[in-house]
Amino acid sequence: MTAWMVRTEHGPAHPNSGRRGTAGREDDAMSRGRGVSRVPGLLAGTAALLTLACGVGVAHGADGGAADAPGGHGAHGAHGAGGSAQEPGGGGDPSRTDDVAAAGGSSWMRAAGVFSPPGSFVPSDALTYDTRLVPAGARIEVTQFADPSGTRVGARLRGLVPGRAYGMHVHTSPCGADPAAAGPHYQHRPAATADPVNEVWLDFRTDEEGDGRAEALHGWGFREGGARSVIIHDRQGGAGERAACFTVPFGPHGQD
């Protein structure tokens, strides 16, 4: 399969050391509170299931905001339905919300969080290590749609530095107080170098309000438990300082 990406300023490949450190206005869904859903989980799950059942291109969040949709990988088409709710996947974050729907060989996941420094009074699964680049209170939402044909990962961010380029990749381990805790980039096949075909790169540039978004499409899926977080880097490309981390419950490749 061929991998496609929607991103800016592709950087050169760099050694995969494991220590790397499309902007647009978004809906109010990420501007109010920690999670995206603002109604009971049953209603949010029902909306996701209906979306999967119809194979439409946009899934509407429970508070009316649009979210990246489980409508397929562009030309890959629509998919089946069915769903379940999932408990928060991180370290005791009291206001985090994760949404999950699955049916047949397709699954959809959305996780949202608010960044805070390690050791903050209120625990968070979204950690900022450099508040100059990722201020406390900045928001992130990550979505994943997977089926047997591949995986689509999307990200939306708010409250970052306006007009700035950031790098972002999927990593192998959950976030921790030490930026190195998230491990190296997730790779489809083990390799000594980092590249956007073998890895999930979500580089983006913020708009004048500090909002940004990115998406990556691949013809392969994650191994079970192999992808656990996204790291925001201080620059685009295959390497960079780790500015922030968000623990994400990525699921494995869809099955027939």
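Which residues point one way from β10, and which the other way? I started my notebook with that strand. The model I am reading is predicted.

**Entry 1: strand β10**

I listed the side chains by direction. Ala165, Gly167, His169 and His171 point one way from β10. Tyr166, Met168 and Val170 point the other way. I recalled the general rule: in a regular strand, side chains alternate between the two faces of the sheet. Next I looked up burial. Seven of the seven residues of β10 are buried, so the strand is largely enclosed by the rest of the structure.

**Entry 2: partners of β10**

I then asked which strands pair with β10. Strand β12, residues 204–205, is joined to β10 by two bridges, and the two run antiparallel. Here I noted Tyr166, whose bridge partner in β12 is Phe204. Strand β14, residues 229–233, also pairs with β10 in the antiparallel sense, over five bridges. On that side I noted His169, which has Ile231 of β14 as its bridge partner.

**Entry 3: the disulfide**

How many disulfides does a search of the whole structure find? I found one. Cys175 and Cys245 form it, with their sulfur atoms 2.0 Å apart. Cys175 lies in the loop between β10 (165–171) and β11 (193–194), and Cys245 lies in strand β15 (residues 242–247), so the pair ties together parts that are 70 residues apart in sequence. I reminded myself that a disulfide is a covalent bond between the sulfur atoms of two cysteines. I also checked its handedness. The torsion about the S-S bond of Cys175 and Cys245 is about -85°, so this disulfide is left-handed.

Is Cys175 buried or exposed? I read a relative accessible area of 17%, and Cys175 counts as buried because the cut-off is under 20%. Cys245 is buried too, at 1%.

**Entry 4: Asn198**

I moved on to the loop between β11 and β12, where Asn198 sits. Asn198 is buried, with 9% relative accessibility. What does its side chain reach at 2.6 Å? I found the backbone oxygen of Arg189 there. Leaving out residues up to four places away in sequence, Asn198 touches Tyr186, Gln187, His188, Arg189, Ala191 and Trp220.

**Entry 5: the whole chain**

I ended with the totals. The chain exposes about 10,200 Å². Carbon and sulfur atoms supply 56% of that area.

Terms used:
Residues are numbered from 1 along each chain as its sequence is written. This is a predicted model: local features need pLDDT of at least 70, side-chain atom pairs count only at pLDDT 80 or more; totals for chains, interfaces and linings use all residues. Side-chain values use heavy atoms; hydrogens and water are left out. Accessible areas come from the Shrake-Rupley method with a 1.4 Å probe; for residues, only the protein chains shown count as cover. A disulfide is a pair of cysteine sulfur atoms within 2.5 Å. Helices (H or I, at least four residues) and strands (E, at least two) are DSSP runs, numbered from the N terminus. Buried means under 20% relative accessible area, exposed over 50%, partly exposed in between (1.4 Å probe, protein chains only). Two strands pair if DSSP finds at least two bridges between them. A polar contact is a pair of N or O atoms within 3.5 Å; within protein, one must be able to donate a hydrogen and the other to accept it, and residues adjacent in sequence count only if both atoms are side-chain atoms. Contact means heavy atoms within 4.5 Å.
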